[in-house]
Amino acid sequence: MPKKFYIADWHYGHTNVIAFDNRPFLSIEQMNETLIRRWNGVVESGDIVYVLGDMFWCSASVAIPVLQKLNGQKILIKGNHDRCNDARFLKKFVKVNEYLEVEDGGRKVVLCHYPIPCFKNHFYGWYHLYGHVHNSFEANMMEHTKYLMQELYGHQCLMFNVGAMMPWMDYTPRTLDQIIGGADNNNPERETAS
């Protein structure tokens, strides 16, 4: 059975993102090579990878050969930097959407590049995976919002930042179980609430 993986904000080819995210790479070449190696280190040919936006910061002529090297079936949930409408580029994905709802191991998951604090069925145990906010003030704001939602409604708010630079992602596509476990172990709001 194929596995499902998730990741956002890959930013392949984006030199400035190394400093912006304080990424642990000495050059864009090192980052680009590492991104491909880590992807293929976990994703097998039949697996599905949901990329929640901002996958590339380069032309289609550079991105297409990279997509051809990556294992698995790729589904793109468009972000603010996913502006390429080149048909050859788009054909490298099984699907390209702005928003998607999927099932993963009996769990319903809302996928969007942007965080949605009041996402569909958050009262009923659905999950929400997002990117866009990187590891920034906005990311901290979303974690605080998540904490406030939990305090208000008395149950977990199951939304998780799957930006590549987050510690639990480590520039590698992750399964839903890996994301949940990793994010919960790295959540400062969770520690202060205990």
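Helices (H or I, at least four residues) and strands (E, at least two) are DSSP runs here, numbered from the N terminus. What you're looking at is a predicted model, where local features need pLDDT of at least 70, side-chain atom pairs count only at pLDDT 80 or more, and totals for chains, interfaces and linings use all residues. Residues are numbered from 1 along each chain as its sequence is written, and side-chain values use heavy atoms, with hydrogens and water left out.

Let's start with the overall fold. The chain has seven helices and eight strands. Its radius of gyration, taken over C-alpha atoms, is 16 Å, which agrees with the value near 16 Å for a compact globule of 194 residues (the rule is 2.2 Å times the number of residues to the power 0.38). Along the principal axes, the C-alpha atoms fill a box of roughly 50 × 35 × 30 Å.

Now for the packing. Of the 194 residues, 51% are buried, meaning under 20% relative accessible area with a 1.4 Å probe, protein chains only. Take contacts (heavy atoms within 4.5 Å) between residues at least 6 apart in sequence: 62% of them join residues at least 24 apart.

Finally, zoom in on the loop between β1 (4–7) and α1 (15–20), where you'll find Asp 9. His 11 is in the loop between β1 and α1 too. Phi of Asp 9 is near 55°, a positive value in a residue other than glycine, and phi of His 11 is also near 55°. Are these residues buried or exposed? Asp 9 is buried, at a relative accessible area of 0%, and His 11 counts as buried at 2%.

Conventions:
Buried means under 20% relative accessible area, exposed over 50%, partly exposed in between (1.4 Å probe, protein chains only).
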